[in-house]
Amino acid sequence: MDALVQELDTKLRQWQPDIAQQVRQCLAEIIELADQDALDICSRVVEQEVLDLIDEPETW
């Protein structure tokens with residue numbers, strides 16, 4: 001988990017501000033759903049979307 005957090009921190013500083021904000025919003029929604037025990041409904045889809053965003057090549 002520490003490696004994931006470190007990679008996310010690095011990526012958030014590298015991405016364009018609007019992309020970084022979108023990722024922050026998605027992560028906030030994931031945390032909120034997890035806190036409500038509602039994450040199991042869509043967790044795999046959301047998780048894959050976040051992983052896809054992290055893995056996307058830099059385009060700027």
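**Entry 1: Leu4**

I looked up Leu4 and found a relative accessible area of 41%, so I noted it as partly exposed. The cut-offs explain the label, because partly exposed covers what falls between under 20% for buried and over 50% for exposed. Leu4 has its place in helix α1. Next I asked which residues form a nonpolar patch on the surface. I found Met1, Leu4 and Val5. Together these residues have about 330 Å² of accessible area.

**Entry 2: The chain as a whole**

Reading along the sequence, I wrote down the pattern α-α-α. Helix α1 covers residues 2-14. Helix α2 runs over 17-35, and helix α3 takes in residues 43-55.

Then I checked burial and surface. The protein chain has 60 residues, and 20% of them are buried. Its accessible surface comes to about 4800 Å². Carbon and sulfur atoms account for 54% of that surface.

**Entry 3: The core**

Which residues make up the largest nonpolar core? I listed 9 residues: Leu8, Leu12, Trp15, Ala20, Val23, Ile30, Val46, Val50 and Ile54. Helices α1, α2 and α3 each give two or more residues to this core.

I also looked at Leu27, which sits in helix α2. Buried or partly exposed? Leu27 has a relative accessible area of 21%, so it counts as partly exposed. The cut-off matters here, because buried means under 20%. I then took the C-alpha to C-alpha distance from Leu27 to Val50 and got 8.2 Å. In sequence, Leu27 and Val50 are 23 residues apart. Val50 is one of the core residues I listed above.

**Entry 4: The salt bridge**

I searched the whole structure for salt bridges and found 1. Arg13 forms a salt bridge with Asp9. The closest N and O atoms of this pair are 2.7 Å apart. In general, side chains of opposite charge can pair when their charged atoms come close.

How many residues apart are Arg13 and Asp9 in helix α1? They are 4 residues apart, so about one helical turn separates them.

I compared the labels of the two partners. Arg13 has 59% relative accessibility, so I marked it exposed. Asp9 has 40%, so I marked it partly exposed.

Asp9 and Ala20 are 11 residues apart in sequence. Their C-alpha atoms are 9.9 Å apart in space. Asp9 is found in helix α1, and Ala20 belongs to the largest nonpolar core.

**Entry 5: The negative patch**

Which residues form a negative surface patch? I found Glu7, Glu49, Asp52, Asp55 and Glu56. Where does the largest share come from? Helix α3 gives the largest share, with 3 residues.

I checked Glu56 on its own. Glu56 lies in the segment after α3. Its relative accessibility is 45%, so Glu56 counts as partly exposed.

**Recap**

I now have a predicted model with the pattern α-α-α. I have a largest nonpolar core of 9 residues and 1 salt bridge. On the surface I noted a nonpolar patch with Met1, Leu4 and Val5, and a negative patch that includes Glu56.

Terms used:
Residues are numbered from 1 along each chain as its sequence is written. This is a predicted model: local features need pLDDT of at least 70, side-chain atom pairs count only at pLDDT 80 or more; totals for chains, interfaces and linings use all residues. Side-chain values use heavy atoms; hydrogens and water are left out. Patches are made of residues with over 30% relative accessible area and no salt bridge: like charges are joined within 9 Å, nonpolar side chains (Val, Leu, Ile, Met, Phe, Trp, Tyr) within 5 Å. Accessible areas come from the Shrake-Rupley method with a 1.4 Å probe; for residues, only the protein chains shown count as cover. A salt bridge is a side-chain nitrogen of Lys or Arg within 4 Å of a carboxyl oxygen of Asp or Glu. Lys and Arg count as positive and Asp and Glu as negative; His and the chain ends are not counted. The place of a charge is taken as NZ of Lys, CZ of Arg, CG of Asp or CD of Glu. Buried means under 20% relative accessible area, exposed over 50%, partly exposed in between (1.4 Å probe, protein chains only). A nonpolar core is a set of buried Ala, Val, Leu, Ile, Met, Phe, Trp, Tyr and Cys residues joined through side-chain atoms within 4.5 Å.
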